[in-house]
Amino acid sequence: MTSIIGAALPYKSPEKAIASSSYSAENDSSPVDAVIFAGTSLVLGTACRYLFNGTRVPYTVVLLVIGIFLGSLEYGTKHNLGKLGHGIRIWNGINPDLLLAVFLPVLLFESSFSMDVHQIKRCMGQMVLLAGPGVLISTFCLGALIKLTFPYNWDWKTSLLLGGLLGATDPVAVVALLKELGASKKMTTLIDGESLMNDGVSVVVFQLFFKMVMGHNSDWGSIIKFLVQNSFGAVGIGLAFGIASVFWLKFIFNDTVAQITVTLSASYFAYYTAQEWAGVSGILTVMILGMFFAAFARTAFKGDSHQSLHHFWEMAAYIANTLVFMLSGVIIAESVLSGQTISYKGNSWSFLFLLYLYVQLSRCVGCCFAVARSICKTLGHMIQQSSGNSYLSSDTGTRFLFLTGGIVFLTLVVNGSTTQLLLHLLRMDTLTATKKRILEYTKFEMMKTALKAFENLGDDEELGSADWPTVIRHISSLKDLEGRQVNPHDGYEAGSLDPTNIMDIRIRFLNGVQAAYWEMLDDGRITQCTANVLMQSVDEALDLVSTSSLSDWRGLEPRVHFPNYYKFLQSKIIPHKLVTHLIVERLESACYISSAFLRAHRIARQQLHIFLGNSNIASTVINESEVEGEEAKQFLEDVRDSFPQVLSVLKTRQVTHYVLNHLNGYIKNLEKVGLLEGKEVSHLHDVVQSDLKKLLRHPPSLKLPNVDDLITSNPLLKDRSSFRSLAIGETDA
């Protein structure tokens, strides 16, 4: 944020710098002590995550309380914490700009990359309305209430600065609970996407008012220029880094470490370029970058790479959140207990609770906050360190830190711990009858699976037989199922074919189709471009399951047909092989789509039949799927009659890719059973990977026929050529 704040943001205020240096000299502090605080925070975070898992209290709330406790011991008592205390003071003295630059790219990219882009497109208007005007209204309402009711004699700019600091919402805990309870994607995406956009908008608003408070030009022309540069500039830089990164990923083959490194480096470079070089919002830039990756690079990560990428970013976000909340607790404690008595003058605590009420009213929603709360606390710390000049007094800076810290604490503790209770009162944590029925299905199948496993493993020649009652006693999930004779398939007969049940089964069927597409992408049956088209068709069909039958073919149909110029190319003058070459690329894509569609639907039908049996509801959805596939079958039949070479080439590619993948699995299995050693495995793996790379970059294709083939394939051209040769011979004579 130095582009906005400029030289007005020192690393520390002079008083803190002197105090810190004297403290270091007296207590023999070492920069390495910072590692102790980081390690302690991660250990405590892991313990809290484990102990409070499944409770109504988010582990980040507990971390904040622990941070306040440790900060209170270090700053408020004579019992210093030794090396841990040194680490606390080092982290507390870090420049807020550096904290933002280290933690924000990770938190923002992880959140935006994990979002459903299709749902974002559907909800974009609502999210923009909530994040744009919503944040502005909240900011001005808070600023006005602070100006009119607080006794600090702040001007309007300072009051609006605090309003902008506290005006954003980020209901991460609500989103997590809604996902856990099976709420609709539209609801979770709307809340999550709006919270991300709020982060970007609120920081831009904060930067604007901070710039005004620090004495910069604040006429309407400057304000409009600042907002336009921050918004459009951030979007442009985010898209530029996204396009460059996706292009780079195309040259990386089966290297998970390199792929993850590209995403990590892109997020940090994009943030730095926007924030420090271009002078625009780094937060908006990273958000755009993450959404671009989610939209155009999701299928670039296949199989294990896809899982590894998400695991890496989840781990990075977890580490960042853990450190941020521990540090936030320390900063809150230090702001209150480090000798800054301004927090206790007058009725500061009463005004803190009054401000908390104002914040809840301005947001009009009670929820738990994570990313925005991290931003809020760090920006509050920034204001406190930037105070002590003619524009912002030290007392005002301390009050800002005290109030923002208190709001963060109250929001996390009160809102975070009561979110689940609120959802329960709104009856949003109850399962629908359809979902309960599906659970009954699954439990029934679990018992059947357990019985099969017992038959396979219950008796062997080495150890003899096992005791089934003891097995059941140690598997609590099977206790309530033993002895049941009711077949859950009987519940979905003619009398229960209501629209809700059918809609639910359609959704599950389409999810199975999409899973089959992912598997085909990993196996090399479809290309990345084809996978994107197929995934989008399923997303669009999921939007219509409540009003129509399965309709994922509707989005694919425009891409699956013979080119419009095919009839012209069918004229007798143009050779058949030349026609094949001219339209082969278009037909290849259409054939990939049609064959993948039919295969995915066939797999999904088989899975649905296994799960629901011959129930009427299963038969209804299966019949819809078969009707959907008729046009795809007809198209492939037409291609087989007219251009069998195209299907042959596609099948050759698929078989070649499958064989190479099978060889990879064979090599890994030999290593697993101990028949191959590391160097041998590496050599064989490199050979197979080299063949795979060649296949993807230079796949088998139809060759352009030479001149002799063109003449031979067309009798008319052959007769013309003979006549021309004869005429030339007579002329020579």
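Guide: Fine. Take Val106, which lies in helix α6 (residues 96-113). Keep in mind that this is a predicted model.

Visitor: Is Val106 buried or exposed?

Guide: Val106 has a relative accessible area of 7%, so it is buried.

Visitor: Which residues is Val106 in contact with, leaving aside neighbours within four places in sequence?

Guide: Tyr268, Trp313, Ala316, Ala317 and Ala320.

Visitor: And Ile319, how many residues apart in sequence is that from Val106?

Guide: Val106 and Ile319 are 213 residues apart in sequence, with 9.6 Å between their C-alpha atoms.

Visitor: Zooming out, what percentage of contacts in the protein chain join residues at least 24 apart?

Guide: 80%, counted among contacts between residues at least 6 apart in sequence.

Visitor: How many helices and strands are there in the protein chain?

Guide: The protein chain has 30 helices and 2 strands. Of its 733 residues, 47% are buried.

Visitor: Let's do salt bridges. How many does the structure hold?

Guide: There are 6 salt bridges. One of them pairs Asp33 with Lys83, and the closest N and O atoms are 3.8 Å apart. That pair links distant parts of the chain, since Asp33 is in helix α3 (residues 33-51) and Lys83 is in helix α5 (residues 83-92), 50 residues apart.

Visitor: Asp33 first: buried or exposed?

Guide: Asp33 counts as buried, because its relative accessibility is 4%. Lys83 has a relative accessible area of 41%, so this residue is partly exposed.

Visitor: What about the rest of α5, and why call it enclosed?

Guide: Because 7 of the 10 residues of α5 are buried, the helix is largely enclosed by the rest of the structure. The buried ones are Leu84, Gly85, His86, Gly87, Ile88, Trp91 and Asn92.

Visitor: Back to salt bridges. What does Asp504 pair with?

Guide: Asp504 forms a salt bridge with Arg508, at 2.6 Å from N to O. Both are in helix α21, and because they are 4 residues apart, about one helical turn separates them.

Visitor: What does Glu637 form a salt bridge with?

Guide: Arg640, with the closest N and O atoms 3.1 Å apart. Glu637 is partly exposed, with a relative accessible area of 40%. Arg640 also counts as partly exposed, at 41% relative accessibility.

Visitor: Changing topic to helix packing. What describes two packed helices?

Guide: The angle between their axes and the distance between the axes.

Visitor: At what angle do α21 and α25 cross, then?

Guide: Helix α21 (residues 499-523) and helix α25 (residues 616-628) cross at roughly 55 degrees, and their axes come within 10 Å. That is why α21 is oblique to α25. The crossing of α21 past α25 is right-handed.

Visitor: Which residues meet there?

Guide: From α21, Asn501, Ile502, Ile505, Arg506 and Phe509, which meet Ile617, Val621, Glu624 and Ser625 of α25. By class, the contact has 5 nonpolar, 2 polar and 2 charged residues.

Visitor: Now α8 and α9. How do they pack?

Guide: Helix α8 (residues 133-149) packs with helix α9 (residues 156-166) at an angle of about 130 degrees, and the axes are 7 Å apart. The two helices are therefore oblique to each other. α8 passes α9 in a crossing that is right-handed.

Visitor: Which residues make that contact?

Guide: On the α8 side, Thr139, Phe140, Leu142, Gly143, Ala144, Ile146 and Lys147. On the α9 side, Trp156, Ser159, Leu160, Leu162, Gly163, Gly164 and Leu166.

Visitor: How do the residues of that α8 and α9 contact divide by class?

Guide: They divide into 8 nonpolar, 5 polar and 1 charged.

Methods. Residues are numbered from 1 along each chain as its sequence is written. This is a predicted model: local features need pLDDT of at least 70, side-chain atom pairs count only at pLDDT 80 or more; totals for chains, interfaces and linings use all residues. Side-chain values use heavy atoms; hydrogens and water are left out. Axes are lines fitted to C-alpha atoms, for helices over the stretch in contact, and angles run from 0 to 180 degrees between N-to-C directions. Angles under 35 degrees count as roughly parallel, over 145 as roughly antiparallel, 65 to 115 as roughly perpendicular and the rest as oblique. A crossing is left-handed if the near helix is turned anticlockwise from the far one by less than a right angle, and right-handed if clockwise. Contact means heavy atoms within 4.5 Å. Ala, Val, Leu, Ile, Met, Phe, Trp, Tyr, Cys and Pro count as nonpolar, Asp, Glu, Lys and Arg as charged, and the others, Gly among them, as polar. A salt bridge is a side-chain nitrogen of Lys or Arg within 4 Å of a carboxyl oxygen of Asp or Glu. Buried means under 20% relative accessible area, exposed over 50%, partly exposed in between (1.4 Å probe, protein chains only).
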